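This briefing goes through packing and side-chain contacts, grouped by topic. Please look at the sequence and the structure first.

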Amino acid sequence: MSVIDTQIQNKSNKIICIASSTGGPRTLNEIIPYLDNDLNAPVLVIQHMPDGFTKSLAERLNDISKIDVYEADEEMEILPGKVYIAKAGKHMKIRRRMFRHIVELTDEPLREGVKPCANYTFESLINSSYDEIICVVLTGMGTDGTEGINKLSEKKKVSVIVQDEESSVVYGMPGSIIKSEIPCRIVSLKDIPQTLKSLV
């Protein structure tokens, strides 16, 4: 199937972008394995982790999931029904190249004290051809995600999901979205997979 045929088939033309930190790996275990491999959108995951740990996270999730899970690599093409986990120690940006979207890994300084940083990824989607970006902010310390979503929402249609406080290990990142008054849905962890499937 050609790239153009794939885009025609992917009529919704949406992308899911997940940001998580403290408590994130365990939380992702309750989301990614419940997504189907025919999900009509790609899934990006920015999980704050030390160098070397995102590869094992991707492998573990791939082993227990129906959907394919990869540690994102330079020039990797972003396709529907696939999950791409940002590589620890690099920032992940998504670049539009003709009819495709590809991964670009950059070595810019820490932002929000972390690398990868979700703000960079969200902001890189401003120039994408996706009609809608579904941003998901999960458990984690700090405020990563808030600034990026604010900038992204100025240029693109954005739907925001935040994990509820009860199911979060740390409510810094989700709480920051709520405090900033970004329009969002507050969703319990157990309901996030079905919410995502309903949106795409």
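Leaving aside its neighbours within four places in sequence, with which residues is Ile-32 in contact? With that exclusion, Ile-32 contacts Ile-18, Val-45, Leu-61, Ser-65, Ile-67, Val-69 and Val-83, where contact means heavy atoms within 4.5 Å. The model is predicted, so local features need pLDDT of at least 70 and side-chain atom pairs count only at pLDDT 80 or more, while totals for chains, interfaces and linings use all residues. Residues are numbered from 1 along each chain as its sequence is written, and side-chain values use heavy atoms, with hydrogens and water left out.

**Nonpolar cores**
- The largest nonpolar core has 28 residues, and Ile-16, Ile-18, Ile-32 and Leu-196 have the most contacts inside it.
- Two or more residues of this core come from each of β1, β2 (43–47), α3 (53–64), β4 (82–85), β7 and α7 (192–199).
- Another core, of 27 residues, lies apart from it and includes Ala-19, Leu-44, Leu-152 and Ile-177.
- A nonpolar core is a set of buried Ala, Val, Leu, Ile, Met, Phe, Trp, Tyr and Cys residues joined through side-chain atoms within 4.5 Å.
- Buried means under 20% relative accessible area, exposed over 50%, and partly exposed in between (1.4 Å probe, protein chains only).

**Helix α6**
- Helix α6 spans residues 172–179, with Met-173, Pro-174, Gly-175, Ser-176 and Ile-177 buried.
- Its buried residues pack against β1 (14–20), β7 (132–137), α5 (146–153) and β8 (157–163).
- Helices (H or I, at least four residues) and strands (E, at least two) are DSSP runs, numbered from the N terminus.
- Glu-181, which follows α6, has a positive phi, near 65°.

**Aromatic rings**
- The whole structure holds one aromatic pair (ring centres of Phe, Tyr or the six-membered ring of Trp within 6.5 Å; planes under 30 degrees apart are stacked, over 60 edge-to-face, the rest tilted).
- The rings of Tyr-70 and Tyr-84 have centres 5.8 Å apart and planes at 25°, so the pair is stacked.
- Tyr-70 is in strand β3 (residues 68–71) and Tyr-84 in strand β4, so the pair ties together parts 14 residues apart in sequence.
- Tyr-70 is partly exposed at 32% relative accessible area, whereas Tyr-84 is buried at 2%.

**Thr-106**
- Thr-106 lies in strand β6 (residues 100–106) and counts as buried, at 10% relative accessibility.
- Not counting residues up to four places away in sequence, Thr-106 touches Lys-90, His-91 and Lys-93.
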